[in-house]
Amino acid sequence: MIRAMRLLQSWGGVWTSIASFIFMWDRIRRYCPPELIRASDKWTQRIRSFLYPYIQISISEFMSNNLRPHDAYSAVEAYLSVHLAKEAKRLRAETVNGGSKLVLSMDEHERVTDEFCGAKIQWISGKLVQRESKYLLELERKYYKLMFHKKYRDMVTDIYLEQVIKVGREIQMRNRKRKLYTNNGHSKTTWSHIVFEHPATFGSLAMEAEKKQEIMDDLLLFRDSKDFYARIGKAWKRGYLLYGPPGTGKSTMIAAMANLLDYDVYDLELTSVRDNIELRRLLAETLSKSIIVIEDIDCSLDLTGQRKKKEKTAKTNKEVPRKDTQESGSRITLSGLLNFIDGLWSACSGERIIVFTTNYVDKLDPALTRRGRMDKHIELSYCSFDGFKVLAKNYLSLDTHPLFESIEILMTETKIIPADVAENLMPNSLREDAEKCLLKLVEALKQAKQLMIKKDEESALSEAADGLQDSIDKI
């Protein structure tokens, strides 16, 4: 009992001494000149580094002030998930390729130990939460930190880390799941994603075989032209403009392009982007092997027309922004978008395709659509007979049928979009066979033909009335 009391008294003296030291140190730092404090911190750090034999290396999730994802971080994460996750007590589970298989990785603030050529290397996972300003959401920055004895410095930095990155990237390729990104999710200032699982291929597109092959050859040539672009001094990117009436398969074409090249897709919603600076940051966060898509660009902000002059009030002569710009709160300019397409920042990641879609190509400013920005223009128009045969094969498993001849004649006499053809070929019930579906399409073509004749007659009557009115006015 007496020994326990003495022990408690001794510990009480220790804590009293520690508290006194903390108090005195606070007084010293508060009243000492800043120059003396900085010198003291400098020498304290030197003494600590001399006595502390371990080296720490951090690998952050993002580089350059959160502008661009760090490729090494994802490779390290893949390596640890396979080789060291079994040692961790707190794990994070994720599915691979959208399937049921789970991949385990280290959770936040977890530690595991790796061994390499006799050296013990400790990996630590962590997360920093930062707020750029009081008006913005908090940004999470994850990181991995490895710690090892300083005598293994050369081996770890020259051999071990290179091996980790190499093995991690091999694991990534095996487990890779293509992603569909959007900036219109919970946080509109950054990208969020889901697994990209669209089944479209060029074989299923309702288009002439020659045209499909031409587009496929162009895409594959781009993918394999890294050395060519480096030799001619151009950023490794290519622009595609898809235009045509609604329902002609522009979105399906983009999915087929992504599946052919095995690229991720970034669906950029311009009305959710505040200004040119945020647009540039979103561009910097995109990865290579990707397709950046801006759909219906003719409906996006004040970016269309022949560089139209902004409206000005008659009295104040001040610029009045367009209504859609006011409603969205976006201040993106045509100049900002042009720099996004082919400015200096457009070269921040290689092997990237930029796709614009529009229903009305004539509305777009020529600066957006010129060669060098939109390198290849692809018109997706009304369904042809070749396109119909592709859809008949896809929907009804038919290569030929007696009704094909009637459908071919009607298609030369009227216009119908591929979406309407597909809808008529889709069986409405299990009892509806292929012939009934073809008859539905024949009837739809006849109705479209009658409607087109009626519109032509009304147009002719309107023109005749206008001509007669002009003649009367002259008399």
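## A walk through the predicted chain

Among the elements of the protein chain, strand E15 (residues 319-320) has the lowest mean pLDDT, 42, while strand E17 (residues 376-379) has the highest, 96. Here pLDDT is the predictor's confidence in each residue, on a scale from 0 to 100, and helices (H or I, at least four residues) and strands (E, at least two) are DSSP runs numbered from the N terminus. Residues are numbered from 1 along each chain as its sequence is written, and side-chain values use heavy atoms, with hydrogens and water left out.

Back to confidence. The mean pLDDT of the protein chain is 82, with 84% of its residues at 70 or more. Over residues 309-326 pLDDT stays under 50, and for that stretch the model has 18 contacts beyond four places in sequence; a contact means heavy atoms within 4.5 Å.

Now the overall picture. The protein chain has 15 helices and 17 strands. Of the contacts between residues at least 6 apart in sequence, 69% join residues at least 24 apart. Buried residues make up 35% of the chain's 475 residues, where buried means under 20% relative accessible area, exposed over 50%, and partly exposed in between (1.4 Å probe, protein chains only). The accessible surface comes to about 29400 Å², and carbon and sulfur atoms own 54% of that; the areas come from the Shrake-Rupley method with a 1.4 Å probe, and for residues only the protein chains shown count as cover.

Helix H8 (residues 276-285) is a mostly covered piece, with seven of its ten residues buried. Among them are Leu279, Leu282 and Leu283, but also Glu278, Arg281 and Glu285.

A salt bridge is a side-chain nitrogen of Lys or Arg within 4 Å of a carboxyl oxygen of Asp or Glu. Arg331 lies in the loop between helix H9 (323-328) and helix H10 (334-342), and Asp275 in the loop between strand E12 (264-267) and H8, so the pair ties together parts 56 residues apart in sequence. Arg331 itself is exposed, at 54% relative accessible area.

The structure holds 15 salt bridges. Another one joins Arg373 to Asp342, with the closest N and O atoms 3.1 Å apart. Because Arg373 lies in the loop between helix H11 (366-369) and E17 while Asp342 lies in helix H10, this pair ties together parts 31 residues apart in sequence. Arg373 is buried, at 13% relative accessible area, whereas Asp342 is partly exposed, at 26%. Asp342, Arg370 and Arg373 are linked in a network of salt bridges.

Further along, the side chains of Lys449 and Glu413 meet in a salt bridge at 2.7 Å, N to O. Lys449 lies in helix H15 (residues 434-474) and Glu413 in helix H13 (residues 404-413), so parts 36 residues apart in sequence are tied together. Lys449 counts as partly exposed at 27% relative accessibility, and Glu413 counts as partly exposed at 33%.

Methods: This is a predicted model: local features need pLDDT of at least 70, side-chain atom pairs count only at pLDDT 80 or more; totals for chains, interfaces and linings use all residues.
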